[in-house]
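Q: Please take a close look at a single part of this structure and describe its surroundings in one connected account.

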Amino acid sequence: MLLSFSVIDSSPKSWDLLVSQELQEDPTMLLDMLMKSFSWLGTVYVAAIMVIVFSIIFFVFKYMREGFFVLSCLLSGGVSYVLKTLIDRPRPTTDFVRIVEETHYQSFPSGHVLFYTAFFGTLMVIAISSSILKLSWKLIISSICVAMIVLGAVSRIYLGAHWFTDVIGGFIVGVLFVMFTGSVYLRSKNKSTLIQE
């Protein structure tokens, strides 16, 4: 809430400008393509397909709770839309940053980062709480998920689509989202385990 209030005046903060300048300091065509690729995974249609495909995979292998847990990530889009509308912060402009990717809608919080945190955070919770995965696999999956969240966040700033505070806002809301949906999932899973015992 404090972060939301701090960005309502819409002007970029000193740390916003600093982070954007640092990440955009040495642009290259290859880096532009890589960052666009990471960012592409968070677009509405691609994100929805990722969620649905992973949910179907869990459903096919009879992991119903996990399937619904992943499916709940679709709700993060609604959360992002409501917050963007309420806070109504404009996107970065060419007056301050290099715009590599033209974007629409409001800037705060970053919907991409919110989704990345919700989706990959959900996969992390499933992996860590799994009773069939070895510790090594849990670490590998968790590392990949963390890397995707970080790279997704960096790509949004590099592309000039968001300010640093937008990305932090998306991450915080994403973590809160996973904390809520994850607690429901873990309670359901633990209750099922107790009944079986």
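Which residues make the nonpolar surface patch of about 1,000 Å²?

A: In this predicted model, the nonpolar surface patch is made by Ile49, Ile52, Val53, Phe54, Ile56, Ile57, Val60, Phe61, Tyr63, Leu74 and Ile132. The area of the patch is about 1,000 Å². One of its members, Val60, lies in helix α4, which spans residues 44-60. Val60 has a relative accessible area of 54% and is therefore exposed, the cut-off for that class being over 50%.

Leu18 belongs to helix α2 (residues 14-23). With a relative accessible area of 48%, Leu18 is classed as partly exposed.

Arg91 occupies the loop between α6 (75-87) and α7 (111-129). Arg91 is buried, yet it has no salt bridge. Asp166 provides the nearest side chain of opposite charge, 6.3 Å away, whereas a salt bridge requires a side-chain nitrogen within 4 Å of a carboxyl oxygen. Leaving aside residues up to four places away in sequence, Arg91 touches Lys84, Thr103, His104, Tyr105, Gln106, Ser107, Arg156, Ala161 and His162.

Conventions. Residues numbered from 1 in each chain as written. Predicted model: local features only at pLDDT ≥ 70, side-chain atom pairs only at ≥ 80, totals over all residues. Heavy atoms only, no water. Patch = residues over 30% accessible without salt bridge, like charges linked within 9 Å, V, L, I, M, F, W, Y side chains within 5 Å. Areas by Shrake-Rupley, 256 points an atom, 1.4 Å probe, with all protein chains shown as cover. Helix = DSSP H or I, 4+ residues; strand = E, 2+ residues; numbered from the N terminus. Buried < 20%, exposed > 50% of the residue type's maximum accessible area, 1.4 Å probe, protein only. Lys, Arg positive; Asp, Glu negative; His and termini not counted. Contact = heavy atoms within 4.5 Å.
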